[in-house]
Amino acid sequence: MTESTTFSETFTVTADNPLLHGHVVYGRSLLPGVGYVDLVLQVLARHGHPMQDVELRNLTILAPLVVGSANRALTTVEGRRGPDGGWRVEVRSRRPEDTVDVLHAVANVRGCAPATFTERLPLPVDGAARRTTLDEIYTWCREYDLVHSGLMKISGVVHHRAGDWIAEVELAPEHQPHPAAGLRAQRRPWHRRRVQLA
């Protein structure tokens with residue numbers, strides 16, 4: 001990581017965030033698990049450690065990050081050096097009505113060599129005994145009051161084969177990076193409020 005002993009960034013998170021807006025559980029906007037991964041990886045990248053150079057281990061989600069339509073949460077990603085040379089990263093938040101920070105997630109982070117994947121999956125996928133569309137999965141989720149929309153709703157199919165399952169997925173066209181803008185410009189759902197580097 002950086003030469004500093006700690007890093008801390010605080011973001012203002014609202015229900016307008018595309019990950020929360022598109023992930024509603026029992027009528028409440030919750031940050032999905034992938035949101036914690038994305039938030040931690042983006043902070044690490046800004047501190048000189050891009051995604052391909054780090055690995056997250058033992059990501060534990062301890063409490064949901066819930067944001068209502070009329071409020072916001074100041075969400076902090078903080079990293080401290082661990083005894084093994086890696087980092088312990090915490091995600092905490094505080095809403096206006098909270099008296100103390102809520103610890104949402106903890107992860108261990110270590111540096112790693114970029115992985116090279118030489119194998120390629122032959123497409124189209126064959127040998128499937130059954131296929132389940134993601135629309136069918138979203139319908140099942142809605143029966144249990146978990147509603148996906150926008151960025152959190154992708155299209156695709158799960159191929160059930162004897163030895164594995166393969167998910168073939170695609171973002172909706174409006175969420176795919178525009179060639180002129182580039183991927184970097186499309187991946188900014190977090191609004192940074194404050195940065196501290198010790």
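A salt bridge is a side-chain nitrogen of Lys or Arg within 4 Å of a carboxyl oxygen of Asp or Glu. The views below come from a predicted model.

**View 1. Salt bridges join seven residues into a network.** The linked residues are Glu-78, Arg-80, Arg-88, Glu-90, Arg-92, Arg-94 and Asp-101. Look at Arg-92 first. Arg-92 pairs with Glu-78, with 3.4 Å between the closest N and O atoms. Arg-92 sits in strand 7 and Glu-78 in strand 6, so this pair ties together parts that are 14 residues apart in sequence. Both partners are buried. Arg-92 also forms a salt bridge with Glu-90, again 3.4 Å from N to O. Glu-90 is buried, as is Arg-92. The whole structure holds 11 salt bridges.

**View 2. Glu-97 and Arg-95 form a salt bridge.** Their side chains meet at 3.5 Å, N to O. Glu-97 is partly exposed, with a relative accessible area of 47%. Arg-95 is partly exposed too, at 25%.

**View 3. The largest nonpolar core has 23 residues.** Leu-44, Val-77, Val-89 and Val-91 have the most contacts inside it. Two or more core residues come from each of strand 1 (6–14), helix 1 (18–21), helix 2 (33–46), strand 6 (72–81), strand 7 (87–94) and strand 8 (102–111). Helix 2 gives the most, with six residues. In soluble globular proteins, nonpolar side chains tend to be buried together. Now pick out Val-77. Beyond its neighbours within four places in sequence, Val-77 is in contact with residues including Phe-7, Phe-11, Leu-39, Val-43, Val-89 and Val-91.

**View 4. Leu-65 is a buried loop residue.** The loop runs between strand 4 (54–61) and strand 5 (66–67). Leu-65 has a relative accessible area of 1%. What is Leu-65 in contact with, leaving aside its neighbours within four places in sequence? Its partners are Leu-20, Ser-29, Leu-30, Leu-31, Tyr-36, Ala-73, Thr-75, Ser-93 and His-104. Ala-105 is 40 residues from Leu-65 along the chain, and their C-alpha atoms are separated by 9.4 Å.

**View 5. Helix 3 has a buried side and an exposed face.** Leu-134, Tyr-138 and Cys-141 are the buried residues of helix 3 (residues 134–143). They cover an arc of only 55 degrees around the axis, which puts them on the same side of the helix. These buried residues pack against strand 9 (130–133), strand 10 (146–148), strand 11 (155–160) and strand 12 (165–170). Asp-135, Trp-140 and Glu-143 are exposed on the face turned away. Just after helix 3, Asp-145 takes a positive phi of about 60 degrees.

Notes:
Residues are numbered from 1 along each chain as its sequence is written. This is a predicted model: local features need pLDDT of at least 70, side-chain atom pairs count only at pLDDT 80 or more; totals for chains, interfaces and linings use all residues. Side-chain values use heavy atoms; hydrogens and water are left out. Buried means under 20% relative accessible area, exposed over 50%, partly exposed in between (1.4 Å probe, protein chains only). Helices (H or I, at least four residues) and strands (E, at least two) are DSSP runs, numbered from the N terminus. The arc is that of the directions from the helix axis to the C-beta atoms. Contact means heavy atoms within 4.5 Å. A nonpolar core is a set of buried Ala, Val, Leu, Ile, Met, Phe, Trp, Tyr and Cys residues joined through side-chain atoms within 4.5 Å.
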